[in-house]
Amino acid sequence: MKKKYRAALAAGLCMGILAGCQQTPENSIVKQKNADNIKKYETSKGSIQEMVQAPERYVNKASYEDGALVIDTDAEVIVPEVEAIHTYKVSAQEANQELIDKVTKIFFEGDKIYHTYSYDEPTKSWYQEEITRLKKYKAEGNMDPYEYGTDENGELHFNIDEVIAFDEEKMADAPDEVQKIEVKPMFGLEWESGKGEETEKIVDETEFRGVVETSQGIYNYNIMDETNTKDLKISIEKRRDDLPDPRMFSIWTEARFLMDMEGEGSSPISEDTIKKLLGISYEDAEQAAKEKIEQLGWDWQMTDWDYSVFRYGEGDIKEESLLDGGYIFYFSRVIDGVPITFTDSYGGALEDMDSTVTPWSYERCEVIVGDDGIQKVEIYNPYVVDGIQTEHVKLMDFDSIIKIYEQMMEVSNAEVTEFEKQRTYHITRAQLGYSRVYDPNADNTSGILVPVWDFFGGFDSEIDGYVRKNTGEHSKQSFMTINAIDGTVIDRDLGY
């Protein structure tokens with residue numbers, strides 16, 4: 001049942017993405033998308049509040065398809081307290097050695113940094129620990145400890161006997177100790193794969209993978225300049241030494257996904273439960289995150305936050321599967337008092353599998369802080385702000401934006417009822433801020449920051465008797481993004 005539901009849900013999400021690529025309906029009040037539109041933005045001398053005329057809250061409930069689709073909007077309306085909004089030209093920051101050195105100095109000045117490929121080569125003791133652990137599972141009758149399931153013939157994907165035999169064979173030639181090769185973070189480092197006649201020299205031209213030993217613990221430190229996209233990704237994550245089984249799935253997860261969602265085999269986890277996992281105050285955690293990010297000097301400010309929990313184990317998230325807790329801070333570029341609105345979407349998607357464009361994802365920064373310091377940092381695609389494109393742009397009034405929102409929420413969900421018996425959206429926040437748009441067919445390294453309205457929330461759905469609920473109370477998922485200047489609908493996943 002769960003697999004069937006997930007397949008149907010995936011199909012529904014794909015439809016939502018494709019809806020953003022469809023031609024605007026002929027009778028729509030939404031303008032056709034046109035790359036030349038951004039060159040024709042009008043200017044205005046009026047203040048933002050005067051132009052927008054937005055209420056503090058917007059409430060409306062609309063029903064379609066005989067009640068199978070409901071758009072329930074009870075949203076706080078957020079407008080930046082500024083006198084004017086401009087559009088800005090931005091471009092992708094180059095992934096050069098200067099950037100790598102800057103990030104390294106901020107987070108790891110004076111620390112020993114080693115090459116991942118030698119540091120993580122399994123030792124004799126590593127193999128022995130895994131063999132002992134797998135034999136224990138087998139003795140307990142647990143032949144599928146990681147819940148990989150079976151193939152079409154009923155055979156287990158994870159063959160525990162084969163893995164034990166493999167580990168025993170490899171243990172004979174494994175080193176006695178970890179081989180630490182100190183390196184300077186950069187692209188172009190060389191390493192060897194295999195042994196003897198099978199040895200192959202590999203040069204990482206567009207990525208660096210390192211391990212850093214600090215007084216706060218050991219961290220993975222990875223930098224990737226993707227060749228098939230224009231994406232620069234910097235990832236820092238603290239290694240844990242408290243996992244009963246390193247093979248078992250584990251990950252830091254935003255608490256909003258636990259507090260707002262309810263479905264088969266799971267129920268919301270309370271904020272009080274999450275708070276019990278915290279060993280640091282909000283103020284101390286925020287200060288630790290800001291101290292590092294402000295040193296980057298990229299006009300990034302902490303604009304939102306959430307609790308974050310470290311979950312361990314397969315299957316649904318339950319209270320007993322939570323090992324640790326902390327705070328996750330979201331940093332966004334703030335220009336003239338207006339932030340780039342943070343959403344769950346990374347951007348950089350393709351319109352279809354046959355697309356030949358090279359996509360470019362959004363700039364974003366997330367920092368998780370726990371009771372023993374920074375746990376995780378992710379930095380994506382920092383921009384270079386190349387200057388103002390149009391000053392004091394004229395914005396559409398809120399009533400006009402709402403008409404577009406309500407029409408396009410219906411249009412973009414027109415086919416949902418083919419897969420779901422019922423879907424009810426809960427839109428809890430409407431926010432005016434910046435988003436980057438670009439034309440990947442013309443240039444995938446430059447774009448424009450434009451003011452947009454985002455409508456955040458969650459939804460309840462029912463498929464074959466399975467009900468999934470999400471109140472949207474803490475949501476950072478935008479279900480509709482509308483250009484605040486001309487009313488065109490922007491597909492958040494595509495970035496245009």
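Predicted model: local features only at pLDDT ≥ 70, side-chain atom pairs only at ≥ 80, totals over all residues.

Residues are numbered from 1 along each chain as its sequence is written, and side-chain values use heavy atoms, with hydrogens and water left out.

The score called pLDDT is the predictor's confidence in each residue, from 0 to 100. Its mean over the chain is 89, and 91% of the residues reach 70 or more. Over residues 1-28, pLDDT stays under 50. For that stretch the model has 37 contacts beyond four places in sequence, where contact means heavy atoms within 4.5 Å.

## The strand β16 and its partners

Let's return to β16 (373-380). Helices (H or I, at least four residues) and strands (E, at least two) are DSSP runs, numbered from the N terminus. Two strands pair if DSSP finds at least two bridges between them. β9 and β16 run antiparallel and are joined by 5 bridges. β15 (residues 364-370) is also antiparallel to β16, with 7 bridges between the two. Here V369 has I374 in β16 as its bridge partner. The two strands β15 and β16 make a hairpin, with 2 residues between them.

How many of the 8 residues of β16 are buried? The count is 7, so this strand is mostly covered. Buried means under 20% relative accessible area, exposed means over 50%, and partly exposed lies in between (1.4 Å probe, protein chains only).

## The second largest pocket

Now look for empty space. Rolling a probe the size of a water molecule over the atoms shows where empty space is left. The search uses a 1 Å grid over the protein atoms alone: a cavity is a set of points where a 1.4 Å probe fits but cannot get out, while a pocket is an open set with protein on both sides within 12 Å along at least five of seven lines. Lining residues have an atom within 4 Å of a point. Grid points are joined across faces, edges and corners, and a volume is the space filled by probe spheres set on the points.

The second largest pocket has a volume of about 1,200 Å³. It is lined by 31 residues, and the closest to its centre are R239, R240, D241, L243 and P246. Two or more lining residues come from each of α5, β8 (217-225), β9 (232-238), β10 (250-254) and β16. Of these, α5 gives the most, with 5 residues. Sorted by class, the lining has 10 nonpolar, 6 polar and 15 charged residues. In this sorting, Ala, Val, Leu, Ile, Met, Phe, Trp, Tyr, Cys and Pro count as nonpolar, Asp, Glu, Lys and Arg as charged, and the others, Gly among them, as polar.

How many cavities of 30 Å³ or more does a search of the whole structure find? There is 1. About 140 Å³ of space lies in the largest cavity. Of its 17 lining residues, I340, T341, Y362, E363 and R364 are the closest to the centre. The elements that each give two or more residues to this lining are β13 (322-335), β15 and β18 (422-437). The largest share, 3 residues, comes from β13.

Most residues other than glycine have a negative phi, and most peptide bonds are trans. E65 has a positive phi of about 50 degrees although it is not a glycine. E65 sits in the loop between β1 (57-64) and β2 (69-78), and counts as partly exposed because its relative accessibility is 49%. Strands β1 and β2 form a hairpin with 4 residues between them; they run antiparallel and are joined by 8 bridges. D464, in the loop between β19 (446-463) and β20 (466-470), also has a positive phi, near 50 degrees.

Finally, is E147 buried or exposed? E147 is exposed because its relative accessible area is 53%. E147 lies in the loop between α5 (124-139) and α6 (160-171). Leaving aside neighbours within four places in sequence, E147 is in contact with E314 and G315. From E147 to G313 the C-alpha to C-alpha distance is 9.7 Å, although they are 166 residues apart in sequence.
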